[in-house]
Amino acid sequence: MMIDERVRALGLVLPEAFRSPTGVAYPFSWVRVRGNRAYVSGHLPLQADGTLAEPRGKVGESLSVEQGAAAARLAGLAMLGSLRRELGELERITAWLRVLGMVNVVPGTTQLAAVVNGFSSLVLDVFGPERGTHARSAVGMAELPFGVAVEIEAEVEIA
């Protein structure tokens, strides 16, 4: 089964491009292709229309680890949407190489990996273990843009 077909079979909805709540245009590419690599800028959890998803806040304060993981999954869907727009089809992704998950947390929160697992599980569900397995870091941050729970960036190999 092709990757785009798998996305449909799993009932996943890839959001439209990010619509900043401030209306500002950003001076960078969401996906930068060089050679056989695509470098993906940090993505936030989005609703289907490209607006920021709720709830927002800090894991360990107003959000649970489970809510953080759900936000990471939404950030993953946003990233898949950006990759599809840039590459034309997700089938061009031959391997997920590296992921950096940044989690908005209160001091003392240590379940960062469990939050970023929401993203990693999505990638593995869509791409399978051969293409979807990736190196990963999960780090805690004092703040993230617009008060979101997670921001995730990645690097993928493409054909």
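**Hairpin**

I began with the hairpin of S1 and S2, where two residues sit between the strands and Gly35 takes a positive phi near 60°. I took helices (H or I, at least four residues) and strands (E, at least two) as DSSP runs, numbered from the N terminus. This is a predicted model, so I noted that local features need pLDDT of at least 70 and side-chain atom pairs pLDDT 80 or more, while totals for chains, interfaces and linings use all residues. Residues are numbered from 1 along each chain as its sequence is written, and side-chain values use heavy atoms, with hydrogens and water left out.

S1 and S2 pair in the antiparallel sense over four bridges. Two strands count as paired if DSSP finds at least two bridges between them. Val31 stands opposite Val40 in S2.

**Sheet**

Next I traced the sheet. It is open, has five strands in the order S1-S2-S5-S3-S4, and its pairing is mixed. Strand S1 (31–34) and strand S4 (135–141) are the edge strands, each pairing on one side only. Neighbouring strands are turned by 15° against each other on average, direction ignored. For angles, axes are lines fitted to C-alpha atoms, for helices over the stretch in contact, and values run from 0 to 180 degrees between N-to-C directions.

I then went through the other pairs. S2 and S5 run antiparallel and are joined by five bridges. His43 stands opposite Ile152 in S5. S3 and S5 are also paired in the antiparallel sense, over nine bridges. Trp96 has Val156 as its bridge partner in S5. Strand S3 (residues 93–104) and S4 pair in the parallel sense over seven bridges. Val103 has Gly140 as its bridge partner in S4.

**Helices on the sheet**

Which strands does helix H3 touch? Helix H3 (residues 112–132) packs on the sheet and touches S3, S4 and S5. Its direction makes about 175° with that of S3. Helix H2 (residues 65–87) lies across S1, strand S2 (37–43), S3 and strand S5 (150–158). H2 runs at about 40° to S5. Contact here means heavy atoms within 4.5 Å.

**Salt bridges**

I looked up salt bridges, each a side-chain nitrogen of Lys or Arg within 4 Å of a carboxyl oxygen of Asp or Glu. The structure holds eight. In one of them the side chains of Glu155 and Arg37 meet at 3.1 Å, N to O. Glu155 lies in strand S5 and Arg37 in strand S2, so the pair ties together parts that are 118 residues apart in sequence.

Most residues other than glycine have a negative phi, and most peptide bonds are trans. I found exceptions. Phe146 is not a glycine, yet has a positive phi of about 60°. Phe146 lies in the loop between S4 and S5. The peptide bond from Glu54 to Pro55 is cis, with omega near 0°. Pro55 is found in the loop between S2 and H2.

**Cavity**

Last, I searched for cavities. On a 1 Å grid over the protein atoms alone, a cavity is a set of points where a 1.4 Å probe fits but cannot get out, and lining residues have an atom within 4 Å of a point. Points are joined across faces, edges and corners, and a volume is the space filled by probe spheres set on them. The whole structure gives one cavity of 30 Å³ or more. The largest cavity has a volume of about 40 Å³. Its lining is Phe18, Trp30, Gly42, His43, Leu44 and Leu46.

Technical notes: 1 Å grid on protein atoms, 1.4 Å probe; cavity = no way out; pocket = protein on both sides within 12 Å on 5 of 7 lines; lining within 4 Å.
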